[in-house]
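Thanks for making the time. I'll go through this one a region at a time, so please keep the sequence and the model in view.

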Amino acid sequence: MMIKKNSITVGIPFYKKTNGKYFDIAIQSIIDQTVSADNIHLIQDGEVDELLIKIVTKYEKEYANIKLIVLPKKGLPYALNQSIKQSNTEYYARMDADDISVK
């Protein structure tokens, strides 16, 4: 896999207990950054409710750099490692589904 220089993937894991309101704001806060992320991985860690799927679908349709990674529930370290394995960027950042990144 070819690594892109000076590029970044942001991984945001989410699961059943994720609050949809904050998840939506978290994703938008990454999109709104001054320097755009090359990739945004939305990492579904196990089964989730319909609201979270609607949020992910909305962003996937609008932004080509957003990728949904669906995994069985194996916990945060596993979810992040799977996302890192699918990343082709020089840098990787993670944030929680209820974090808000400021410019």
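A37 counts as buried, because its relative accessibility is 10% and the cut-off for buried is under 20%. Bear in mind that this is a predicted model, so every value I quote is computed from predicted coordinates. A37 sits in the loop between α1 and β2. What does A37 touch, once its neighbours within four places in sequence are left aside? The contacts are I8, V10, I30 and N65. On N65, the C-alpha atoms of A37 and N65 are separated by 8.1 Å, and the two residues are 28 residues apart along the chain.

N65 comes up again with I40. Not counting residues up to four places away in sequence, I40 touches V10, I12, I30, I31, N65, I66 and K67. V10, I30 and N65 are also on the contact list of A37.

The largest nonpolar core has 19 residues. I40 is among those with the most contacts inside it, along with I12, F14, F23, I27 and L42. Which elements each supply at least two residues of this core? They are β1, residues 4-14; α1, residues 20-31; β2, residues 39-45; and α2, residues 50-62. The largest share, five residues, comes from α1. There is another core apart from this one, made of five residues, and I43, L71, A79 and L80 are among them. As background, nonpolar side chains tend to be buried together in soluble globular proteins.

Q44 lies in strand β2. Is Q44 buried or exposed? Buried, because its relative accessible area is 9%, and anything under 20% falls in that class. Outside the four places on either side in sequence, Q44 touches F14, I53, L68, I69, V70 and L71. F14 is one of the residues with the most contacts inside the largest core, and L71 belongs to the other core.

Next, the charged pairs. How many salt bridges does the structure hold? Three.

Take K58 and D24. Their side chains meet in a salt bridge at 3.1 Å, N to O. K58 is in helix α2 and D24 is in helix α1, so this pair ties together parts that are 34 residues apart in sequence. Both residues are partly exposed: K58 has 39% relative accessibility, and D24 has 23%.

Then K73 and D45, where the salt bridge is 3.0 Å, N to O. This pair links distant parts of the chain, 28 residues apart, with K73 in the loop between β3, residues 66-71, and α3, residues 76-85, and D45 in strand β2. The two ends fall in separate classes. K73 counts as exposed, because its relative accessibility is 52% and the line for exposed is over 50%. D45, at 5%, counts as buried.

The remaining pair is R94 and D96, whose closest N and O atoms are 2.5 Å apart. R94 is partly exposed at 37% relative accessibility, and D96 is partly exposed as well, with a relative accessible area of 31%.

D96 brings us to the pocket. The largest pocket has a volume of about 220 Å³. Of the 13 residues that line it, which are the closest to its centre? They are P13, Y15, T18, D96 and A97.

K21 is in helix α1 and counts as exposed at 53% relative accessibility. K21 and I55 are 34 residues apart in sequence, and their C-alpha atoms are 9.3 Å apart in space.

N6 is in strand β1. N6 is exposed, because its relative accessible area is 68% and the cut-off is over 50%.

How values were computed:
Residues are numbered from 1 along each chain as its sequence is written. This is a predicted model: local features need pLDDT of at least 70, side-chain atom pairs count only at pLDDT 80 or more; totals for chains, interfaces and linings use all residues. Side-chain values use heavy atoms; hydrogens and water are left out. A nonpolar core is a set of buried Ala, Val, Leu, Ile, Met, Phe, Trp, Tyr and Cys residues joined through side-chain atoms within 4.5 Å. Buried means under 20% relative accessible area, exposed over 50%, partly exposed in between (1.4 Å probe, protein chains only). Helices (H or I, at least four residues) and strands (E, at least two) are DSSP runs, numbered from the N terminus. Contact means heavy atoms within 4.5 Å. On a 1 Å grid over the protein atoms alone, a cavity is a set of points where a 1.4 Å probe fits but cannot get out, and a pocket is an open set with protein on both sides within 12 Å along at least five of seven lines; lining residues have an atom within 4 Å of a point. Grid points are joined across faces, edges and corners, and a volume is the space filled by probe spheres set on the points. A salt bridge is a side-chain nitrogen of Lys or Arg within 4 Å of a carboxyl oxygen of Asp or Glu.
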